[in-house]
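User: I have a structure open and would like to go through it with you. Could we start with a single residue and then look at the whole?

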Amino acid sequence: MKKITQLICVLLTVASMNAQQEKGIMGYTNWLNNWTEFKPNKVDYGEANQILAGNISVNTKLLKRNIYVLQGNVYVTNNAVLTIEPGTVIIGDFETKGTLVVTKGAQLVADGLETDPIVFTSNRSMKKAGDWGGIVVLGDAPINKFGNVGSYNLDLDPTLTTYGGDNVASNSGVLRFVRIEFAGKKVKGADTFNGLTLAGVGNKTILENIMVSYAGGDSFGVLGGDLNATKFVSYKSVNDDFKFSQGVQCRFFNSLAVRSSYFSSTKDGSRCMEVRSFEKKSETDFTKKQTLVVASNITMVNDSENINADIQAGLVKEAVYIAEGASLEMKRSVISGFSPAVLLDSKTEINDANLKKIKFEEMYFNLCNGNIFTEYNSNNEDLESWYGNSIFFNVYSKSDNKETFIDIFNPKKPDFRLQLGKITASSGK
């Protein structure tokens with residue numbers, strides 16, 4: 001690895017003294033309590049008594065006392081604000097594949113409470129991933145496509161689904177204490193919707209305490225924009241848990257992804273976190289910022305009774321994938337039960353410049369079949385040695401999930417934080 005020795009010397013001079021800080025999701029209390037639901041198929045939300053359909057072109061408020069059915073593609077247009085009271089339930093219609101689209105300039109204010117979250121779910125008696133569309137929020141913050149404009153149409157109205165612009169501080173509203181369940185419809189001949197799509201969203205948008213469960217596509221899809229995201233929970237999505245692309249600049253904190261060997265897909269492009277700068281080079285303006293995700297206190301865990309057997313059976317892939325040109329800086333995070341923990345695009349040259357853009361520090365790698373590899377490369381000793389250097393304070397462990405996390409299999413009060421003392425077991429290589 002050319003010039004890596006020199007780079008180690010540089011990093012030694014700036015090595016942090018924070019090696020013993022808490023890794024993975026954190027909080028003095030279990031912040032998953034009250035508002036999350038890890039068995040949404042067991043919940044009876046009641047029958048809808050109001051229909052939500054067509055375009056919402058004036059300021060509108062949804063009330064907790066009603067249960068709404070989301071029919072077809074519903075657009076918030078004309079710079080209108082859709083406000084949703086805490087505790088309100090919105091049911092996505094299976095027959096019409098209900099989808100909520102907040103167009104550029106409009107706002108969604110879904111500001112729930114810890115004890116009274118806002119819930120979007122399916123209206124089927126036997127709920128499954130992909131029962132309805134999902135939530136799409138479109139803003140006018142920068143993206144790295146030519147002309148600073150993208151279109152998220154799938155089967156949506158192309159005149160209402162443009163996003164991108166020059167307003168880094170644009171405000172698309174508030175999503176806080178919100179659950180999105182069984183979304184992610186498949187569009188014939190196209191792609192799959194995400195549970196929550198954030199396209200060109202600016203940093204004045206509040207995004208906190210959002211849980212996406214059993215998404216047919218990605219749980220969270222972020223296309224460009226400039227945003228802060230905290231306390232996101234992705235539970236057993238079919239595709240990616242967190243996908244970042246199109247030059248997004250994202251500060252991502254204190255969040256959780258739980259995958260299942262038997263539910264989450266192992267097809268190409270399905271992992272906990274995917275960080276890309278583009279989908280198509282021909283559409284990308286490389287004079288603009290490329291994707292940068294700065295993440296800390298993230299937990300990514302494969303919920304399995306026998307992770308080694310699942311890895312041998314080919315049911316488990318990498319947790320994190322970093323594509324050509326993208327940057328990821330991850331600290332104080334946990335990756336448990338993957339093969340390997342991190343995979344770099346084969347087009348990413350292992351050199352000083354790229355190693356400065358792809359950082360892993362104070363990590364806890366547990367029960368992984370390899371830690372940081374390059375795609376299609378059988379010899380990853382250089383990368384393993386680089387990120388295993390003691391200056392990064394990374395920890396490697398082979399502890400069972402039940403021993404590693406607090407109450408991980410308690411469905412009423414799950415807590416995916418590391419148990420006290422585990423992170424000091426063995427740092428470095």
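User: Is Asn66 buried or exposed?

Analyst: This is a predicted model, and in it Asn66 has a relative accessible area of 13%. Buried means under 20%, so Asn66 counts as buried.

User: Where is Asn66 placed?

Analyst: Asn66 lies in the loop between β3 (60-62) and β4 (67-70).

User: And which residues is Asn66 in contact with?

Analyst: If neighbours within four places in sequence are left aside, Asn66 is in contact with Asn49, Gln50, Thr88 and Val89.

User: Now Ser213, please. Where is Ser213 found, and is it buried or exposed?

Analyst: Ser213 belongs to strand β16, which covers residues 206-213. Its relative accessibility is 1%, so Ser213 counts as buried.

User: What does Ser213 touch?

Analyst: Not counting residues up to four places away in sequence, Ser213 touches Glu37, Pro40, Ile180, Glu181, Phe182 and Tyr235.

User: Changing topic: how many of the residues in β20 are buried?

Analyst: Strand β20 runs over residues 249-260 and is mostly covered, with 10 of its 12 residues buried. Ser260 is found in this strand. At 11% relative accessibility, Ser260 counts as buried.

User: Which residues is Ser260 in contact with?

Analyst: Leaving aside neighbours within four places in sequence, the contacts of Ser260 are Lys236, Asn302 and Asp303. Ser260 and Ser122 are 138 residues apart in sequence, and their C-alpha atoms are 21 Å apart in space.

User: How many bridges join β18 to β20, and how many pair β20 with β22?

Analyst: Strand β18 (residues 226-235) is joined to β20 by 8 bridges, and the two run parallel. β20 also pairs with strand β22 (residues 292-303) in the parallel sense, over 11 bridges. Ala257 of β20 is the bridge partner of Ser234, and Met300 in β22 is the bridge partner of Ala257.

User: What holds paired strands together in general?

Analyst: Strands of a sheet pair through backbone hydrogen bonds, either parallel or antiparallel.

User: What is the order of the strands in the open sheet of 11 strands?

Analyst: The order is β2-β5-β8-β11-β15-β17-β19-β21-β23-β26-β29, and the pairing is parallel. The edge strands are β2 (55-56) and β29 (372-374), and each of them pairs on one side only.

User: Over how many bridges do β23 and β26 pair?

Analyst: Strand β23 (residues 320-322) and strand β26 (residues 342-344) pair over 3 bridges, in the parallel sense.

User: Now the whole protein. How many helices and strands are there?

Analyst: The protein has 5 helices and 30 strands. Its radius of gyration is 21 Å, close to the 22 Å that the globule rule gives for 429 residues, so the protein is as compact as a globular protein of that length. The C-alpha atoms fill a box of roughly 65 × 50 × 40 Å along the principal axes.

User: What percentage of the residues count as buried?

Analyst: Of the 429 residues, 58% count as buried. The accessible surface comes to about 17,300 Å², and 48% of this surface belongs to carbon and sulfur atoms.

User: And what about contacts and charges?

Analyst: Among the contacts with a separation of 6 or more, 71% are between residues 24 or more positions apart. The protein has 46 positive and 46 negative charges, and their mean positions are 1 Å apart.

Key
Residues are numbered from 1 along each chain as its sequence is written. This is a predicted model: local features need pLDDT of at least 70, side-chain atom pairs count only at pLDDT 80 or more; totals for chains, interfaces and linings use all residues. Side-chain values use heavy atoms; hydrogens and water are left out. Two strands pair if DSSP finds at least two bridges between them. Helices (H or I, at least four residues) and strands (E, at least two) are DSSP runs, numbered from the N terminus. The radius of gyration is taken over C-alpha atoms; the globule rule is 2.2 Å times the number of residues to the power 0.38. Buried means under 20% relative accessible area, exposed over 50%, partly exposed in between (1.4 Å probe, protein chains only). Contact means heavy atoms within 4.5 Å. Accessible areas come from the Shrake-Rupley method with a 1.4 Å probe; for residues, only the protein chains shown count as cover. Lys and Arg count as positive and Asp and Glu as negative; His and the chain ends are not counted. The place of a charge is taken as NZ of Lys, CZ of Arg, CG of Asp or CD of Glu.
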